[in-house]
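Have the structure open as you read.

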Amino acid sequence: MRFGFPHPVARPDQEVLVDAALGVLRDPNPHFFDWPSAFIYATGASYAALFAVERAVGGAVRHAAVAKASFEPVLHLIPRALSAAAGVLTIPALYGAARELFSRRIAVVAAAFLAVAFLHVRDSHFGVTDVPAAFLTVCAFWAALRCATEGARDARVALAGALCGLAASTKYNAAVALLPAMAAIVQPAGGRPAPSIGSAARSLALLLVCAALAFLVGTPYAVLDHQTFLAAVAAVRSHLAGGHVIMTRGWPYHATFTLRYGVGIPLMIAACAGACWLVVERPRAALLVLVFPIPYYLYLGSGHTVFVRYLVPMVPFVCLTAAFFVDRAALVVAERFSARGARDAAIVVLVSILGAQTLRASLLFDRLMRVEDARVVGADWIVSRFPSGASMFQSGFGAGHVQPTPRGLYPQYTFNKRADRFELDRRAATDLPDLVVLLESPLGPYSIVPSRIASLVAERYVLLTTIDSVPADRAADVLYDREDAFFAPYAGIEHAIRPGPNVRIFQRRGEVKN
């Protein structure tokens with residue numbers, strides 16, 4: 001979980017959450033609604049506990065600026081720890097949900113698949129909202145199945161509604177978690193009779209009221225600052241529809257990229273086969289299981305913004321239908337061979353085959369995250385070579401930049417293409433920067449080197465050092481989530497040396513005075 005430290009934006013968006021969580025300690029209105037507020041408040045509560053302990057032992061943290069200066073790595077580690085805990089807890093939650101509808105065998109296999117599913121493992125490292133939302137979605141699904149199998153009593157319906165509301169208060173699109181609960185009320189499982197129209201309407205009303213109340217517990221300023229909230233939600237919807245970087249429709253992209261590499265082709269095929277098998281064999285159970293992932297995919301895929309992390313809440317359902325396929329396929333094998341232990345042996349073989357690709361990706365990613373980031377290596381190199389400071393220009397997106405400290409010793413130039421000049425603090429620079437740092441990566445949109453800068457470097461600068469993350473001869477084999485300025489591969493991870501972009505540091509011809 002310490003990957004990228006001390007670089008503050010090794011995982012983009014995490015710094016936004018850290019600032020918002022610090023902000024609610026002095027003003028409970030986050031004034032930020034691109035995400036709901038529940039995870040922001042949970043992180044803020046964790047910070048408050050940390051600062052209380054710090055003050056109890058004689059510390060001097062009194063406001064956010066001091067806290068950020070004193071505890072920045074810890075401030076990032078706390079939401080990462082919360083997300084990792086949510087990721088781990090999703091595994092037994094999926095087991096419990098699966099056990100409501102299916103055998104213990106299916107529940108174990110589903111939990112095993114989720115434990116190694118790359119997209120879930122990968123995003124459980126990140127201190128942002130996607131994995132906590134997935135955890136609450138699975139908990140809401142479990143509560144919905146309890147309504148389906150044990151009866152939609154008021155307490156069960158209220159719990160399901162509250163969990164749906166909390167899921168939506170963590171990530172807006174998790175509001176789709178209401179659909180399994182609604183299906184459970186209208187179409188119970190386990191041979192239970194359908195309720196009367198009046199009873200169903202009453203339960204649905206209770207479900208929606210509890211969901212709304214729970215959402216407002218997590219995001220109270222959706223009402224208290226409703227104008228800002230509604231404007232932010234409208235902007236989020238527009239952004240989803242309009243696109244972010246690569247501008248492609250989500251339906252084919254998520255199938256051919258996000259899920260292909262996020263869970264692996266074998267597990268994808270098994271999940272689709274298992275879903276079809278479930279529809280044929282147990283249509284009521286299929287309704288409960290599929291009424292979340294299919295509408296969720298259709299909605300998220302309808303837009304042109306296609307972050308892979310958007311599909312994290314779908315992964316547990318992929319694992320569940322894949323587990324159903326494994327169980328049924330193993331039963332066919334056992335019936336054919338009539339050998340003792342044939343079914344269990346077939347399950348072991350199928351799980352090994354279907355989970356191998358995604359397990360390998362998860363292990364490779366974990367190994368890569370333990371290697372020091374190229375941006376950190378680059379920053380340390382600059383500080384050691386130029387301890388008295390040097391002016392710098394860096395190509396590419398800000399999240400990819402090296403950040404030598406103290407920042408005041410390393411003023412950062414920008415380049416104004418229209419005026420064809422370097423600038424410092426938006427004013428024309430009086431000289432060229434001492435150093436130019438070129439950041440290059442297969443993550444192209446965030447690491448573009450302007451041609452004017454490339455020609456200037458060739459004429460006026462000399463290469464000092466290169467820190468490679470992905471060797472040039474393997475760049476074509478490494479795939480990234482091109483929507484996201486996260487400089488770690490999504491596929492072809494084995495070809496990466498370290499996280500981060502390739503860093504080349506150039507010095508202006510002539511000596512930098514130290």
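A crossing of two helices is right-handed if the near helix is turned clockwise from the far one by less than a right angle, and left-handed if anticlockwise. By that rule, α1 and α2 cross in the right-handed sense. The model is predicted. The points below take the helix pairs, then the pocket, then the cavity.

**Helix pair α1 and α2**

- Helix α2 spans residues 38-56 and packs on α1 at an angle of about 65°.
- The axes of α1 and α2 lie 8 Å apart.
- Angles of 65 to 115 degrees count as roughly perpendicular, and α1 and α2 are therefore roughly perpendicular to each other.
- On the α1 side, the contact with α2 uses L17, V18, A20, A21 and L22. These meet F39, I40, T43, G44, Y47 and F51 of α2.
- The residues of this α1 and α2 contact are nine nonpolar and two polar, with no charged residue.

**Helix pair α6 and α7**

- Helix α6 (residues 130-150) packs against helix α7 (residues 154-168) at about 160°, with the axes 8 Å apart.
- That angle makes α6 roughly antiparallel to α7.
- The crossing of α6 and α7 is left-handed.
- From α6, the contact draws on A133, L136, T137, C139, A140, A143, A144, R146, C147 and E150. From α7 come R156, V157, L159, A160, L163, C164, L166 and A167.
- The contact of α6 with α7 counts 14 nonpolar, one polar and three charged residues.

**Largest pocket**

- The largest pocket holds about 740 Å³ of space.
- Its lining takes in 32 residues. Nearest the centre of the pocket are D34, W35, H239, R309 and Y310.
- Three helices each supply at least two lining residues: α1 (14-23), α11 (226-242) and α15 (293-301).
- Which helix gives the most to the lining of the largest pocket? Helix α11 does, with seven residues.
- The pocket lining divides into 20 nonpolar, four polar and eight charged residues.

**Largest cavity**

- The count of cavities of 30 Å³ or more comes to one.
- The largest cavity has a volume of about 40 Å³.
- Its lining is made of D13, W35, V128, T129, D130, K171 and R309.
- By class, two of the cavity-lining residues are nonpolar, one is polar and four are charged.
- W35 and R309 line the largest cavity, and W35 and R309 are also among the residues nearest the centre of the largest pocket.

Definitions and conventions: Residues are numbered from 1 along each chain as its sequence is written. This is a predicted model: local features need pLDDT of at least 70, side-chain atom pairs count only at pLDDT 80 or more; totals for chains, interfaces and linings use all residues. Side-chain values use heavy atoms; hydrogens and water are left out. On a 1 Å grid over the protein atoms alone, a cavity is a set of points where a 1.4 Å probe fits but cannot get out, and a pocket is an open set with protein on both sides within 12 Å along at least five of seven lines; lining residues have an atom within 4 Å of a point. Grid points are joined across faces, edges and corners, and a volume is the space filled by probe spheres set on the points. Helices (H or I, at least four residues) and strands (E, at least two) are DSSP runs, numbered from the N terminus. Ala, Val, Leu, Ile, Met, Phe, Trp, Tyr, Cys and Pro count as nonpolar, Asp, Glu, Lys and Arg as charged, and the others, Gly among them, as polar. Axes are lines fitted to C-alpha atoms, for helices over the stretch in contact, and angles run from 0 to 180 degrees between N-to-C directions. Angles under 35 degrees count as roughly parallel, over 145 as roughly antiparallel, 65 to 115 as roughly perpendicular and the rest as oblique. Contact means heavy atoms within 4.5 Å.
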